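This report goes through one protein chain, from overall dimensions to individual side-chain contacts. The sequence and the coordinates come next.

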Amino acid sequence: MVRKTKEEAQETRRAILDAAEIVFQENGVSHTSLAEIAKAAGVTRGAVYWHFANKAALFHALTERVIGPLEERLAEMQSSEQGNPVDRLRDLTLYFIDRMVNDPRFFRILEISWHKCEYVGEMAAIRDTHLECGSRFLAISEDGFRLAQQRGFLPSSLDPRCAAMGLIAVMDGLIVNWTLDRTLFPLGSYGPLIVDAYLAGLRVEVLQGL
């Protein structure tokens, strides 16, 4: 009986998260109440509050269930000690692009995060979480480029932090523009070409002082 109750609670939680994704995407986070999410999920408002203290906690849970696999990829990349680290960074960025194109849930969360959420008030804590995640990817990318440089895969003139910031700028530009208008360009085919062009450019020796 206890196990069934836990299973029912998890099912209710999933229903709330699924409904929140749709309602947030349609109306934006600031214009959505927990009561509206409860109605869309077919549960009481009390059930929502039983699982989530507030809207920020709910939104955090939404992002966690799609970002988790990406964090796992980051951990795998950090544990690898062989080969060219740039190849692993490329694999990670292409994995991200693939999920954006082929995973509707991943797309919804990124669209909400970029375009339909104001990070003020109770949502300010979510902004801090996103900044922390971005800083972690920046640090991992910088370390990867530096290690690739030490192993001779990249020129000595390269600034690893600059390369890492450039990769983030490329990805952010692709994702922001594509989530605004998916008819603008085919992310699935353009994305890898643009990422590869950027990474290939890093292998060119840059003359200092120009």
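Of the 210 residues of the protein chain in this predicted model, 42% count as buried. The accessible surface comes to about 11700 Å², and carbon and sulfur atoms account for 54% of that area. Taken along the principal axes, the C-alpha atoms fill a box of roughly 65 × 40 × 30 Å. The chain has nine helices and zero strands. Among contacts between residues at least 6 apart in sequence, 71% join residues at least 24 apart.

**Helix α8**

Helix α8 covers residues 160-180, 21 residues in total. From its first C-alpha to its last it reaches 30 Å, close to the 30 Å expected at 1.5 Å a residue. At the start of α8, the backbone nitrogen of Arg161 has a side-chain oxygen of Asp159 within 3.0 Å.

Which residues of α8 are buried? They are Pro160, Ala163, Ala164, Gly166, Leu167, Ile168, Val170, Met171, Leu174, Ile175, Trp178 and Thr179. An α-helix has 3.6 residues a turn, so residues three or four places apart point the same way. The cover over the buried residues of α8 includes α5 (85-102), α6 (104-115), α7 (124-150) and α9.

**Helix α6 and Glu111**

Helix α6 has 12 residues, which should span 16 Å at 1.5 Å a residue; the end C-alpha atoms are 16 Å apart, in agreement. Asp103 caps the N-terminal end of α6, with a side-chain oxygen 3.0 Å from the backbone nitrogen of Arg105. The buried residues of α6 are Phe106, Phe107, Arg108, Ile109, Leu110, Glu111, Ile112 and Ser113.

Glu111 is an acidic member of that list. Why does Glu111 count as buried? Its relative accessibility is 11%, and buried means under 20%. Not counting residues up to four places away in sequence, Glu111 touches Gln25, Lys116 and Thr179. With the side chain of Gln25, the side chain of Glu111 makes a polar contact of 2.7 Å. With Lys116, Glu111 forms a salt bridge (4.0 Å, N to O). Lys116 is partly exposed, at 28% relative accessibility. Thr179, the remaining partner, is among the buried residues of α8.

**Salt bridges**

A search of the whole structure finds 13 salt bridges. Three of them are listed here.

| Pair | N to O distance |
|---|---|
| Asp18 and Arg65 | 2.7 Å |
| Asp18 and Arg105 | 2.7 Å |
| Glu111 and Lys116 | 4.0 Å |

Asp18 and Arg65 meet in a salt bridge through their side chains. Asp18 lies in helix α1 (residues 2-27) and Arg65 in helix α4 (residues 55-79), so this pair ties together parts that are 47 residues apart in sequence. Arg65 is partly exposed, with a relative accessible area of 25%.

Arg105 also forms a salt bridge with Asp18. Arg105 lies in helix α6 and Asp18 in helix α1, so the pair ties together parts that are 87 residues apart in sequence. Arg105 counts as partly exposed at 27% relative accessibility, and Asp18 is partly exposed with a relative accessible area of 32%.

Which residues belong to the network of salt bridges? Asp18, Glu21, Arg65, Arg105 and Arg108 are linked in it. Of these, Arg108 is listed among the buried residues of α6.

**Helix α2 and Leu34**

Leu34 is found in helix α2 (residues 34-41). At 8% relative accessibility, Leu34 counts as buried. Leaving aside neighbours within four places in sequence, Leu34 is in contact with Val48, Tyr49, Asn54, Lys55 and Leu58. Leu34 and Arg45 are 11 residues apart in sequence, and their C-alpha atoms are 6.8 Å apart in space.

**A nonpolar surface patch**

Is Leu193 buried or exposed? Leu193 is exposed, with a relative accessible area of 60%, and lies in helix α9 (residues 187-202). Together with Tyr190 and Ile194, Leu193 forms a nonpolar patch on the surface. The accessible area of the three residues together is about 300 Å².

Note on methods:
Residues numbered from 1 in each chain as written. Predicted model: local features only at pLDDT ≥ 70, side-chain atom pairs only at ≥ 80, totals over all residues. Heavy atoms only, no water. Patch = residues over 30% accessible without salt bridge, like charges linked within 9 Å, V, L, I, M, F, W, Y side chains within 5 Å. Areas by Shrake-Rupley, 256 points an atom, 1.4 Å probe, with all protein chains shown as cover. Helix = DSSP H or I, 4+ residues; strand = E, 2+ residues; numbered from the N terminus. Buried < 20%, exposed > 50% of the residue type's maximum accessible area, 1.4 Å probe, protein only. Expected span 1.5 Å × (residues − 1). Contact = heavy atoms within 4.5 Å. Polar contact = N/O pair within 3.5 Å; in protein donor to acceptor, adjacent residues only side chain to side chain.
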